[in-house]
Structures are given as C-alpha cells and as structure tokens.
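Visitor: I am new to this structure. Could you take me on a close look at a single part of it?

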Amino acid sequence: MGQFRVKIDDPSVLYVNTTSDTLDANVGDGFALDASGKTSLRAAIMEANAAGTVARTIILDPGFYNLSIAPVPDANFQFMVPGPGATVPPGPPGWSDVRS
C-alpha cells in the first residue's frame, strides 16, 4: 500500500501549495490565493487573520517556508505538519505543531 493524500472540503482549512512568500490577492474572501492562484503560507496567514475569531487551520506540505516580505505576519492558528519525520522549529507564541 502506498501513500495517498486527502483534501478536506472545509472552508476553515487552508492548504498551502507553494513555498514562495506571496500576498493574498483578496484578503477576506476565504480563499487565500495569491495573484498566481497559489496559496502561500503568508496568504493563508493573512486570510486566517482576516477571519477574526473564526478558527482556521493551515496545512503545509513538508518544506522550507521563508517569510521574507516585511513585516512577518502575526498569527494565531493550529499549525499542522504532515509526513513522517517532519519537524518544525520553535515558532512564536500561538503556533503549535500538531501531527496526525
């Protein structure tokens, strides 16, 4: 049996599909898409922050996510890292590493 991926159709879950640091093209629309139609970590954080007190979950693929555009956004969300052996360096308050 091999690996497979499941994508949950839930508007409170944002799936990051690029390691580029790009801006959300339409903050508050619920989609976190940049100008190229991709969802970066920054765009997902911007969208999650725009949701106010509504909980959002951001899911990342394994990789390096360098937020280089100043300022680095403030975030308070559940941080999930899929995959065996995935690691996350310590983050700012409000971040957590949840493995499923």
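Guide: Gladly! Let us visit alanine 32, found in the loop between β1 and α1; helices (H or I, at least four residues) and strands (E, at least two) are DSSP runs numbered from the N terminus. Please keep in mind that this is a predicted model, where local features need pLDDT of at least 70, side-chain atom pairs count only at pLDDT 80 or more, and totals for chains, interfaces and linings use all residues. Residues are numbered from 1 along each chain as its sequence is written, and side-chain values use heavy atoms, with hydrogens and water left out.

Most residues other than glycine have a negative phi. Alanine 32 is not a glycine, yet its phi is positive, at about 60°. With a relative accessible area of 0%, alanine 32 is buried (under 20% relative accessible area, with exposed over 50% and partly exposed in between, using a 1.4 Å probe and protein chains only).

What does alanine 32 touch, leaving aside its neighbours within four places in sequence? Its contacts (heavy atoms within 4.5 Å) are Leu14, Asp24, Lys38, Thr39, Ser40, Ala43, Ala44 and Glu47.

Alanine 32 also belongs to the largest nonpolar core, which has eleven residues, including Leu14, Ala43 and Ala44. Such a core is a set of buried Ala, Val, Leu, Ile, Met, Phe, Trp, Tyr and Cys residues joined through side-chain atoms within 4.5 Å. Helix α1 gives the most to this core, with five residues.
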